[in-house]
Amino acid sequence: RIREGTRIQEVAAVPSPLTMGLSTVTVATAAATAAGAVGAFSGYMIGSRGAGKENAAPAAHGLDAAAPAADAAALAPPPAKKSAIKSKKKHAAPLADGAIVDGGSADEGAKLFKAKCATCHSVNEGGPTKQGPNLYNIMGAKAASSPGFKFTDKLKGADVVWDNETMFKWLTNPKAMVKGTTMAFPGFKKEKDRANVVAYLNSLK
């Protein structure tokens with residue numbers, strides 16, 4: 001506004017060439033700055049993607065390198081169990097049947113007979129018949145021939161003669177040897193025990 005006397009005249013502000021030049025420069029600078037920022041951001045994104053690929057490549061390469069080792073581990077035999085590593089105890093070779101049967105101890109057999117058999121059998125000459133027959137001089141005799149005892153027909157018809165082998169078998173399991181016998185004793189589980197009783201019975205003469 002220009003004060004002239006008492007009137008105030010309004011004059012429109014007209015931009016000068018200098019002002020226009022500054023504005024143009026300012027706008028151009030801002031545009032360049034924005035373009036530079038966009039370019040920098042694009043470069044960052046491209047660089048990030050490239051870095052990711054470069055970083056991923058060694059990892060994949062590392063997996064490929066580890067694959068043969070994994071295959072080798074899969075093909076390797078499993079570790080041996082402790083039970084297999086430990087050496088097994090050496091067991092003595094089993095004796096032949098004849099050696100077992102004939103290798104008993106009469107003294108040990110006497111102890112076993114007293115503990116397991118004496119309730120049902122007497123062993124002295126002319127001894128009484130109990131729940132079972134008298135066994136004096138039993139070895140070498142025919143089965144079911146002892147006087148004074150009522151034997152089953154099954155045992156009478158078995159045609160057994162008491163020698164070391166037949167007595168050893170009888171003492172293993174009487175009911176398995178002669179089906180239908182009334183012999184209640186189930187037998188001796190240990191071969192050595194049977195051999196010892198056989199040796200004792202051979203001494204009863």
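The structure is a predicted model. Helix H8 spans residues 191-202 and packs with helix H6, residues 164-172; the axes of H8 and helix H4 also cross. H4, H6 and H8 each give two or more residues to the lining of the largest pocket.

**H6 and H8**

- The axes of H6 and H8 lie 9 Å apart, and the two helices pack at an angle of about 130°.
- The crossing in which H6 passes H8 is right-handed.
- On the H6 side, the contact involves Asn-164, Met-167, Phe-168, Leu-171 and Thr-172.
- On the H8 side, the residues that meet H6 are Glu-191, Arg-194, Ala-195, Val-197, Val-198, Leu-201 and Asn-202.
- By class, the residues of the contact of H6 with H8 comprise seven nonpolar, three polar and two charged.

**H4 and H8**

- The axes of H4 and H8 cross at roughly 100° and come within 7 Å.
- H4 and H8 are therefore roughly perpendicular to each other.
- H4 contributes Ala-106, Glu-108, Gly-109, Ala-110, Leu-112 and Phe-113 to this contact.
- H8 meets those residues through Asp-193, Asn-196, Val-197, Ala-199, Tyr-200 and Leu-201.
- The residues of the contact of H4 with H8 divide into eight nonpolar, two polar and two charged.

**The largest pocket**

- The largest pocket holds about 770 Å³ of space.
- Its lining consists of 38 residues, and those nearest the centre of the pocket are His-121, Gly-132, Pro-133, Leu-135 and Met-183.
- Helix H4 (106-116), H6 and H8 are the elements that supply two or more residues to this lining.
- H6 provides the largest share of the lining, with three residues.
- The lining is made up of 23 nonpolar, 13 polar and two charged residues.

**Phe-185**

- Phe-185 is placed in the loop between helix H7 (174-177) and H8.
- Leaving aside residues up to four places away in sequence, Phe-185 touches Lys-116 and Pro-174.
- Lys-175 is 10 residues from Phe-185 along the chain, and the C-alpha atoms of the two residues are separated by 8.7 Å.

Definitions and conventions. Residues numbered from 1 in each chain as written. Predicted model: local features only at pLDDT ≥ 70, side-chain atom pairs only at ≥ 80, totals over all residues. Heavy atoms only, no water. Axes fitted to C-alpha atoms, helices over the stretch in contact; angles between N-to-C directions. Helix = DSSP H or I, 4+ residues; strand = E, 2+ residues; numbered from the N terminus. Left-handed = near helix turned anticlockwise from the far one by under 90°. Contact = heavy atoms within 4.5 Å. Nonpolar A, V, L, I, M, F, W, Y, C, P; charged D, E, K, R; others polar. 1 Å grid on protein atoms, 1.4 Å probe; cavity = no way out; pocket = protein on both sides within 12 Å on 5 of 7 lines; lining within 4 Å. Points joined across faces, edges and corners; volume = space filled by probe spheres on them. Parallel < 35°, antiparallel > 145°, perpendicular 65-115°, else oblique.
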